[in-house]
Amino acid sequence: SVNKPKLNEPASWDWRDHSGVSPVKTQGSCGSCWTFSTVGALEAHSMIKYGGKFTLSLRAAVDCAGAYDNHGCKGGLPSHAFEYIKDAGGISTEAAYPYFATDNNCTVDPKTFDLRVWGGSVNITEGDEVELKQAVFQHGPVSIAFQVVDGFRDYKDGIYTS
């Protein structure tokens, strides 16, 4: 890996102010937050790199990433979804392979891939807020996963504490 020089991060940074966040989407009653996180990060990085809006397929990972220890609407991990997308050779647009909030057989056509992904994922040390801050500022929006615990569904705003 290439060691990039550490940049002095500003006190705050919001990628929404720099055309780096895609629109919010609805996951429905499907435990597919892992693919929303993955695809949201890919859309954000595409917007930053190429400009414009990117709406990529949420369904592709839900339907097709089972061999990567993902379980469709029953959960998965963004890092595994990134590996699937890299190995598949890319990802389709939402229009070419739309999301249904249900488990389906994989029927994605690689000819519809709109974005090629050459690298996989890079993990940030769990709980390392400094590393997370550096990654967000130096590289762009990140995909986050966390275990939903009892009581989280009642969360409204502020800092969540269990």
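Guide: Two residues are in contact here when they have heavy atoms within 4.5 Å of each other. By that rule, and leaving aside neighbours within four places in sequence, L42 is in contact with L56, F82, I85, L115 and V117. Keep in mind that this is a predicted model, where local features need pLDDT of at least 70 and side-chain atom pairs count only at pLDDT 80 or more, while totals for chains, interfaces and linings use all residues. Residues are numbered from 1 along each chain as its sequence is written, and side-chain values use heavy atoms, with hydrogens and water left out.

Visitor: What makes a nonpolar core, and which residues have the most contacts inside the largest one?

Guide: The rule asks for buried Ala, Val, Leu, Ile, Met, Phe, Trp, Tyr and Cys residues joined through side-chain atoms within 4.5 Å. The largest such set has 26 residues, and L42, I91 and Y99 have the most contacts inside it. At least two core residues come from each of α1, α2, α3 and β2, and α1 gives the largest share, five residues. Those labels are DSSP runs numbered from the N terminus: helices are H or I with at least four residues, strands are E with at least two.

Visitor: Why is A44 called buried?

Guide: Buried means under 20% relative accessible area, exposed means over 50%, and partly exposed is in between (1.4 Å probe, protein chains only). A44 has 2% relative accessibility, so it counts as buried. The residue is in helix α1, and beyond its neighbours within four places in sequence it is in contact with G20, V21 and P141. By contrast, A60 is 16 residues from A44 in sequence, and their C-alpha atoms are 17 Å apart.

Visitor: And E94, why does that one count as buried?

Guide: E94 has a relative accessibility of 17%, so the buried label applies. The residue sits in the loop between β1 (91-92) and β2 (113-115). Setting aside residues up to four places away in sequence, E94 touches T55, L56, S57, L58 and Y99. T55 is 39 residues away along the chain, with 5.7 Å between the two C-alpha atoms.

Visitor: What makes D103 and K74 a salt bridge?

Guide: Opposite charges can pair when the charged atoms of the side chains come close. The working rule is a side-chain nitrogen of Lys or Arg within 4 Å of a carboxyl oxygen of Asp or Glu. The closest N and O atoms of D103 and K74 are 3.7 Å apart, so the pair passes. This pair links distant parts of the chain, 29 residues apart: D103 is in the loop between β1 and β2, and K74 is in the loop between α2 (59-64) and α3 (78-88). K74 is exposed because its relative accessibility is 70%, while D103 is partly exposed at 40%. The structure holds six salt bridges.

Visitor: What makes E83, K86 and D87 a network?

Guide: Salt bridges link these residues. K86 meets E83 at 3.2 Å, N to O, and also meets D87 at 3.7 Å. K86 and E83 are both in α3, three residues apart, which is about one turn of the helix. K86 is partly exposed at 28%, E83 at 24% and D87 at 48%. On the buried side of the count, α3 has P78, S79, A81, F82, Y84 and I85; its buried residues pack against α1 (33-50), α2 and β1. Just after the helix, G89 has a positive phi of about 100 degrees.

Visitor: Why are I144, F146 and V148 called a patch?

Guide: Patch residues have over 30% relative accessible area and no salt bridge; like charges are joined within 9 Å, nonpolar side chains (Val, Leu, Ile, Met, Phe, Trp, Tyr) within 5 Å. Together the three form a nonpolar surface patch with about 290 Å² of accessible area, computed by the Shrake-Rupley method with a 1.4 Å probe and, for residues, only the protein chains shown as cover. V148 lies in the segment after α4 (129-139).
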